[in-house]
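Thanks for coming, everyone. Please have a look at the sequence and the model on the screen. I'll start with the overall picture and then go to the details.

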Amino acid sequence: MTGLVIRNTGSWYDVLTDDGQLFACKVKGTFRLRGIRSTNPVAVGDVVEIKPLADANALITEIHDRRNYIIRRASNLSKQSHIIAANVDLACLIATVAHPETSTTFIDRFIASAEAYRVPVCLVFNKTDLYDEDERRYMDAVIALYRNVGYDALAVSAVTGEGVDALTDMLHDKTTLFSGNSGVGKSTLLNRLVPEAQARTAELSAAHDQGLHTTTFSEMYSLAGGGRIIDTPGIRGFGTFDFEPSEVSHYFREIFSIGHDCRFANCTHTHEPGCAVRTALENHYIAESRYTSYLSMLNDMDEDKYRNGKRG
């Protein structure tokens with residue numbers, strides 16, 4: 001039987017079959033031994049084959065080829081990956097410029113990973129109802145930066161509804177991943193879009209202005225107007241996985257484009273003479289925050305490094 005993985009609790013997977021049946025599934029034992037360097041060999045969004053068992057549960061025996069996925073370095077084992085979601089039409093990174101602050105390094109790492117696996121990205125800056133004038137001005141500047149690079153970016157408030165209609169239009173008939181740091185209001189936004197989801201929400205930690213984990217597993221929800229949202233647990237950092245140093249610039253659109261004018265074809269844009277990228281940086285055609293993120297990802301080639309970054 002063929003089905004869609006709609007929920008992952010870590011040890012069990014809920015699979016909705018093509019004929020509307022819902023099975024709680026385990027992964028077949030031998031399936032785990034195929035050299036998959038992932039903490040979760042099956043992800044929400046996967047299309048799988050299952051074998052029903054006598055106890056009304058089932059075994060996942062095969063994963064269909066994925067057309068794409070979003071992946072990050074696993075937080076517990078640096079040499080393993082964690083697949084956030086598979087077979088998505090859009091990845092929405094829910095971000096905030098305060099309460100808590102989402103670093104531009106985190107944003108750039110997420111975008112680069114999405115670029116690497118051919119997933120379109122939209123940046124959704126939430127909690128506009130909480131921002132003062134300076135924070136609002138900074139958010140507008142960040143949105144302008146990413147729009148200029150070529151990414152969709154929206155300002156929304158899950159509380160007041162600002163920008164939610166534009167987001168709803170963007171999600172129509174798509175399978176969309178929702179990801180982001182803990183505390184950015186992902187669950188509140190999900191509840192506004194899919195009221196029956198009743199996702200748990202929590203106040204920020206007063207001591208650190210950081211989010212508390214309320215979503216503990218990944219789950220897919222259907223939108224009333226057509227489409228699906230894959231909600232995922234909040235993450236603190238985004239370690240890139242399995243990138244070669246020579247590939248990193250490919251996932252920064254403006255660096256890749258300007259890099260064609262470098263003197264050397266294998267320019268790393270760090271020290272070489274005749275580097276068009278560093279010239280563009282000096283002339284403010286490339287944002288310093290983006291270049292800093294690029295350098296931090298080059299440093300990820302040391303697999304012991306895993307860092308989150310701060311503003312700028």
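Seven helices and 13 strands make up the secondary structure of this protein. Helices here are DSSP runs of H or I with at least four residues, strands are runs of E with at least two, and both are numbered from the N terminus. This is a predicted model: local features need pLDDT of at least 70, side-chain atom pairs count only at pLDDT 80 or more, and totals for chains, interfaces and linings use all residues. Residues are numbered from 1 along each chain as its sequence is written, and side-chain values use heavy atoms, with hydrogens and water left out.

How much of the protein is buried? Of its 312 residues, 51% count as buried. Buried means under 20% relative accessible area, exposed means over 50%, and partly exposed is in between, with a 1.4 Å probe and protein chains only. Now contacts, meaning heavy atoms within 4.5 Å. Take those with a separation of 6 or more: 65% of them join residues 24 or more positions apart.

Next, helix α2, residues 133–149. It has 17 residues, and at 1.5 Å a residue it should span 24 Å. The expected span is 1.5 Å times one less than the number of residues. The end C-alpha atoms of α2 are 25 Å apart, which agrees.

Which residues of α2 are buried? They are Glu135, Met139, Val142, Ile143, Tyr146 and Val149. They cover an arc of only 125° around the axis, so they sit on the same side of α2. The arc is that of the directions from the helix axis to the C-beta atoms. On the other side of α2, Glu133, Asp134 and Asn148 are exposed. The cover over the buried residues of α2 includes α1 (104–116), β9, β10, α5 (253–259) and α7 (288–298).

On to α3. Its buried residues are Val164, Leu167, Met170 and Leu171. Seen down the axis, they fall within an arc of 120°, so they line one face of α3. The face turned away from that buried side carries exposed Asp165 and Asp169. Among the elements covering the buried residues of α3 are β8 (90–95), β11 (175–179) and α4. After α3 comes Asp173, with a positive phi near 60°.

How do α3 and α4 pack? Helix α3 (residues 164–171) and helix α4 (residues 186–193) meet at an angle of about 75°, with their axes 11 Å apart. That makes α3 roughly perpendicular to α4. Roughly perpendicular covers 65 to 115 degrees; under 35 is roughly parallel, over 145 roughly antiparallel, and the rest oblique. From α3, the contact uses Val164, Leu167, Thr168 and Leu171; from α4, it uses Leu189, Arg192 and Leu193.

Thr176 is found in β11. Thr176 is buried, at 0% relative accessible area. Leaving out residues up to four places away in sequence, Thr176 touches Leu90, Cys92, Leu171, Arg228, Ile229 and Ile230.

Last, the loops. The peptide bond from His99 to Pro100 is cis, with omega near 0°. Pro100 lies in the loop between β8 and α1. Ala56 is not a glycine, yet it has a positive phi of about 80°. Ala56 lies between β4 (47–52) and β5 (58–63), and counts as exposed at 56% relative accessibility. His269 is not a glycine either, and its phi is positive, about 65°. Its loop runs between α5 and α6 (276–282). Is His269 buried or exposed? His269 is buried, with a relative accessible area of 4%.

Note on methods:
Axes are lines fitted to C-alpha atoms, for helices over the stretch in contact, and angles run from 0 to 180 degrees between N-to-C directions.
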